[in-house]
Amino acid sequence: MTSINLTARLGVNASLLRDRITTLGEQISTGRKGNTYSTIGTDAPKAMDLRAEIGRRDIYEKTIDQTLGKIRVSQDVLDRIGAVAQKFLANSAKLLGASRPEEIQVQADQAEAAMIEVASLLNEQFSGEYLFGGSDSRNPPIPKPLDIMKSGMGLDIKNQVGNLDATNVAAVTAATKALAQSDVTGTTPFSAFLSTGIGKTEPRVSILGGDDNRVSYGIHANRNAAVDSTGETTGSWARDLLRGLASIAGLTPEKSQLGDSYVDFVTTVRNGLESSVDALALERGSLGVTEDRLQKIVDHHESVSTTLKLQLSDLEEVDMPETITAFQTTQTQLEASYRAIGVAQQLSLTRFL
């Protein structure tokens with residue numbers, strides 16, 4: 001009877017050892033103490049808080065990473081637009097010299113092509129969103145970029161320049177400025193959203209970089225974002241550039257015969273292009289500062305998340321060397337238990353015989 005009781009006790013012990021081996025094997029396989037919070041006991045609330053914090057920071061990181069992608073593409077666009085503005089600012093010297101009338105026609109033709117390029121650049125997209133459309137990111141800020149010279153602004157500025165004579169320089173330059181500034185439907189090349197209603201006054205697109213850290217980064221195609229234009233300006237570097245290009249596109253070789261009036265007009269165009277170049281450079285610089293700020297924020301989130309993950313690991317994950325040692329020790333104990341059960345069974349059989 002004693003041998004039977006011993007065998008039963010050894011069987012129970014072997015069963016416990018088998019369960020222990022199963023648990024240790026799963027821990028070695030997954031590296032975790034278990035699949036439920038119950039396996040970490042009183043540390044469960046802390047682990048849940050750590051997971052929530054890690055998840056929250058992960059969302060911030062992903063959002064900022066996507067925004068940084070938008071900013072980098074926006075910077076590429078602004079760099080190209082800036083190059084166009086600088087080219088025509090430099091070329092305006094050729095217009096002032098006007099040593100050859102045919103040079104005026106060359107610059108006029110190139111200005112029309114540049115207007116289409118600038119309008120198309122302002123319609124740049126990132127992941128299906130228009131970068132310069134404000135909150136109306138699903139629709140182009142310039143609905144018909146290929147027809148911008150046929151828009152009210154483009155065509156009317158060209159016509160105004162066509163009427164330039166020795167007596168009306170001030171009137172023509174004032175008219176081109178008013179046309180470039182206009183938000184009237186049929187005149188402005190910009191979308192109805194950007195030109196009227198909420199889109200005309202809404203703040204820049206922004207994101208939350210942290211719980212109380214909102215960062216603005218968006219740029220509207222028809223107005224400055226972070227800088228003020230100065231000098232001969234409409235108040236917008238984009239409008240200044242389009243005005244300048246449309247004005248050059250309206251020039252014809254015979255205008256050079258107007259003498260000082262022609263020089264005065266081209267000088268005004270040049271000053272407007274210079275204003276565009278200067279403001280655009282500042283805009284790019286400001287966006288670069290924003291990019292750097294967001295990168296530092298995301299780096300901070302990553303650093304904190306790394307620390308939190310280490311703390312969570314201490315709570316939820318096993319010490320692998322210790323777990324492997326425990327697994328091997330338990331295996332040895334189970335083998336010894338099986339041998340003991342065999343001996344006990346032999347003793348029980350001997351007594352029965």
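This report walks through the pocket, the cavity, a helix pair and a strand hairpin of a predicted model.

## Ground rules

Residues are numbered from 1 along each chain as its sequence is written, and side-chain values use heavy atoms, with hydrogens and water left out. Since the model is predicted, local features need pLDDT of at least 70 and side-chain atom pairs count only at pLDDT 80 or more, while totals for chains, interfaces and linings use all residues.

## The largest pocket

The largest pocket holds about 200 Å³ of space. A pocket here is an open set of points on a 1 Å grid over the protein atoms alone, where a 1.4 Å probe fits, with protein on both sides within 12 Å along at least five of seven lines. Points are joined across faces, edges and corners, and the volume is the space filled by probe spheres set on them.

There are 16 lining residues, and Tyr 130, Leu 131, Gly 134, Val 205 and Tyr 217 lie nearest the centre; to count as lining, a residue needs an atom within 4 Å of a point. Helix H2 (44-97) and strand S2 (129-130) are the elements giving two or more residues to this lining, and H2 gives the most, with 3. Helices (H or I, at least four residues) and strands (E, at least two) are DSSP runs, numbered from the N terminus. By class, the pocket lining has 8 nonpolar, 6 polar and 2 charged residues (nonpolar: Ala, Val, Leu, Ile, Met, Phe, Trp, Tyr, Cys and Pro; charged: Asp, Glu, Lys and Arg; polar: the others, Gly among them).

## The cavity

What about space the probe cannot leave (a cavity)? The structure has 1 cavity of 30 Å³ or more, and the largest cavity has a volume of about 80 Å³. Its lining includes Thr 173, Asp 240, Arg 243, Phe 265 and Leu 273. H5, H8 (237-249) and H9 (260-316) each supply at least two lining residues, with H9 giving the most, 5.

## H4 against H5

Helices H4 (residues 152-162) and H5 (residues 169-181) pack at about 180°, axes 9 Å apart (axes are lines fitted to C-alpha atoms over the stretch in contact, and angles run from 0 to 180 degrees between N-to-C directions). So H4 is roughly antiparallel to H5, a label for angles over 145 degrees.

The contact residues comprise 7 nonpolar, 2 polar and 1 charged.

## The S3–S4 hairpin

Strands S3 (residues 206-210) and S4 (residues 213-216) run antiparallel, joined by 4 bridges; pairing takes at least two DSSP bridges. They form a hairpin with 2 residues between them. Ile 207 has Val 215 as its bridge partner, and Ser 206 stands opposite Ser 216.

Notes. Angles under 35 degrees count as roughly parallel, over 145 as roughly antiparallel, 65 to 115 as roughly perpendicular and the rest as oblique.
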